[in-house]
Amino acid sequence: LPSLITPLPHFLHTGATRVLMFQRTSTGSRVVVASRTYADFTPQATFDIKKCDLHKLEEGPPLQAVLTREEGLQYYRTMQVMRRMELKADQLYKQKIIRGFCHLYDGQEACAVGIESGINRTDHLITAYRAHGYTLTRGGTVREIMAELTGRRGGIAKGKGGSMHMYAKHFYGGNGIVGAQVPLGAGVALACKYQGKNELCVCLYGDGAANQGQIFETYNMAALWKLPCIFICENNKYGMGTSVERAAASTDYYKRGDFIPGLRVDGMDILCVREATKFAAEHCRSGKGPILMELQTYRYHGHSMSDPGISYRTREEIQEVRSKSDPISLLKDRMISNNMASVEELKEIDVEVRKEIEDAAQFATTDPEPPLEDLCNHIFSNEPPMEVRGTNPWAKLKSIS
Amino acid sequence: QTSLYINITYVTALARSKHIRQFHLTSHTQVTVRDALNQAMDEELERDERVFLLGEEVAQYDGAYKVSRGLWKKYGDKRIIDTPISEMGFAGIAVGAAMAGLRPICEFMTFNFSMQAIDQVINSAAKTYYMSAGLQPVPIVFRGPNGASAGVAAQHSQCFAAWYSHCPGLKVLSPWSAEDAKGLLKSAIRDDNPVVVLENELMYGVAFELSDEAQSKDFVIPIGKAKIERPGNHVTLVAHSRMVGFCLDAAAVLAKEGVECEVINLRTIRPLDTDTIEASIMKTNHLISVEGGWPQFGVGAEICARIMEGPAFNYLDAPAIRVTGVDIPMPYAKILEDNSVPQIKDIIFSVKKTLNM
């Protein structure tokens, strides 16, 4: 039952369509809060974006990106949802309503949203455990993501998976074992090539995982077999508490693929990420094989909720990134200074987003836990019901597919 | 007596074929386990274009043990893929391909090398359907030779039946005969879940009668069902893989002394067919499990624990015991190696001890 409102009606690029902002009051009736003619806003603008460092590539992504007002608002909204969702998870974790592992993504929103805007919904994506953002961009709702974190039956994995094991169509999680998702992603890419559907797989890992042997095995096979795989290293400068300088003999992660062409991208600028992703996708789809992108990004939280995140980095550093490179602020400033949106409009979106998150958190805290009958289900696919041994010989539990 | 058993393979092959001939009235051909596995893969590759094989030397070399002979010539690069020596990498790739809709057969040259990739088998394959609450099935087969071979020493001789069978989310098969090999591998490939098929290198060259029925393209053996290879009344011998043959040989010798052994071929280690074992014990009142792997926490240990916990316990006239490999890394010298795995005389000895003969 949505208490959310679609913020903007879809409009055409002609005439002076009146853009009306609505807000639900407590009585449920809609009241016009602000109104501004469409003609007041710039429909689209071109922005200069940072040049990417290139490895074994003659040319890189374009140095300019076109952003439409519609796109900008959509990116803004999605990133804001992601941000607030993660902050709400932080809150719920501290209240002990979420338990176990919880790796938050705030600060890195431009990566997830930028990548999704550069690929098709029919493409595939796999990532590691810092996965809430990608679950969202790949089609999960905030409600089912949060309910999975709180371990309820309405969770995206019915409460069976938790923070690190969320799945959606063409999204293979959420993977807990560092680096294991990389060969998996190449396997998805192999399936794409095998099935001839012109789809590709985006395969993400962090700066910490980048030193895993299985990743180099995967680079080799992906290049050998020309798999349509975009390897993306989200370099947020720290693998848990170990800075990149202390973990890697070479911190040029975009070059670590050796024979695989690579580019280093400003991961805090959503347009940069989008253009680089489009460039990489084009490379894959043209049959040239895999490509590697390093996204330079930053996480505001520690590695997980059990890490305050200040023993290995200074508060000043975190504050500096927040004030100078926050991905949401960067987009917001761009849109406002180019008259692509108004401050009030964005504030409206913020209010809606807050409401959406509150609603989802409410659901996540009140939805019942999975029934005990579900304990042994989903062991095997497409299998007749079977018996599973419980904790003692007399406990014979039922399992269905 | 020992020298009689060392070159037992010829004798048992003959004995076995005579033995099996008694139970088949239709026509039959001699097929080696290797060829049965090859047929299984060939038929399933033909039947479903999502099926493909990957592993080291499976394509152009025809397979390290020639199990995939002729397949690359017939199906080409797309379906039969030679991989670099990157177990963790290619096992993960295989699992990812399974997640995205294909039906890979991932060959480990031997299961000893699967240890490098075991994380992908357990954490990426076995657990995923559960963790995703049914959203993400993983229809994959991991196959290859398992257990002791001949003269390959400690790092190449380990049996992984207990390790893989420990984990929920996996099915673990251990064929003995050509019929087992064909039927079980076909079932494994058609199964929508991760299945580990533990073959045996020493059995690859052994020929068995394959009935008309078993030669058909749709012949499958249900997973989770053991087979009584030889009925008997005095003692139940439960085994898997090569040891099934040893049990049959021991049974043949014991029959001359009036002891009739019931020999059960497990075929599937996980899920274990406890019902068949229990029914047998209720008839014979004695249980001996026979395996090639190490004793501690092994297949036999699990069988004994289950029998203790179930209705068959009350039917035992003697403690259930295990005949296993010796609890040591596998040595190289032939005399040492021969004495590291159960021999037919060990089985005979254990039967007589159990029956107080």
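How are H13(B) and H14(B) oriented to each other, roughly parallel or roughly perpendicular? In this predicted model, the axes of helix H13 (residues 274-284) of chain B and helix H14 (residues 299-309) of chain B cross at roughly 65° and come within 11 Å. Angles of 65 to 115 degrees count as roughly perpendicular, and H13(B) and H14(B) are therefore roughly perpendicular to each other. Their crossing is right-handed. On the side of H13(B), the residues that take part are B:Thr274, B:Ile277, B:Glu278 and B:Ile281, and these meet B:Ile303, B:Arg306 and B:Ile307 of H14(B). Sorted by class, the residues of this contact comprise four nonpolar, one polar and two charged.

The axes of helix H5 (residues 87-99) of chain B and helix H7 (residues 118-126) of chain B come within 9 Å, with a crossing angle of roughly 20°. Because angles under 35 degrees count as roughly parallel, H5(B) and H7(B) are described as roughly parallel to each other. The crossing of H5(B) and H7(B) is right-handed. H5(B) contributes B:Met88, B:Ala91, B:Gly92, B:Val95 and B:Met99 to the contact, while H7(B) contributes B:Gln120, B:Ser124 and B:Ala125. Five nonpolar and three polar residues make up the contact of H5(B) with H7(B), and no charged residues are present there.

Charged side chains were considered next. Over all chains, the count of salt bridges comes to 49. One of them joins B:Asp42 and B:Lys74, with an N to O distance of 2.7 Å. B:Asp42 is located in helix H3 (residues 33-47) of chain B and B:Lys74 in helix H4 (residues 71-79) of chain B, so this pair ties together parts that lie 32 residues apart in sequence.

The interface of chain A and chain B was then described. The size of an interface is often given as the accessible area lost when the parts come together. Between chain A and chain B, the buried area is about 3500 Å², and carbon and sulfur atoms give 66% of this area. The contact involves 36 residues of chain A and 45 residues of chain B. Two salt bridges are found across the interface of chain A and chain B. A salt bridge also links B:Lys171 with A:Glu383, for which the closest N and O atoms are 2.8 Å apart.

How values were computed: Residues are numbered from 1 along each chain as its sequence is written. Chains are lettered from A and ligands numbered from 1 in the order in which they are written. This is a predicted model: local features need pLDDT of at least 70, side-chain atom pairs count only at pLDDT 80 or more; totals for chains, interfaces and linings use all residues. Side-chain values use heavy atoms; hydrogens and water are left out. Axes are lines fitted to C-alpha atoms, for helices over the stretch in contact, and angles run from 0 to 180 degrees between N-to-C directions. Helices (H or I, at least four residues) and strands (E, at least two) are DSSP runs, numbered from the N terminus. Angles under 35 degrees count as roughly parallel, over 145 as roughly antiparallel, 65 to 115 as roughly perpendicular and the rest as oblique. A crossing is left-handed if the near helix is turned anticlockwise from the far one by less than a right angle, and right-handed if clockwise. Contact means heavy atoms within 4.5 Å. Ala, Val, Leu, Ile, Met, Phe, Trp, Tyr, Cys and Pro count as nonpolar, Asp, Glu, Lys and Arg as charged, and the others, Gly among them, as polar. Buried area is the accessible area (1.4 Å probe) that two parts lose on being put together, summed over both. A salt bridge is a side-chain nitrogen of Lys or Arg within 4 Å of a carboxyl oxygen of Asp or Glu.
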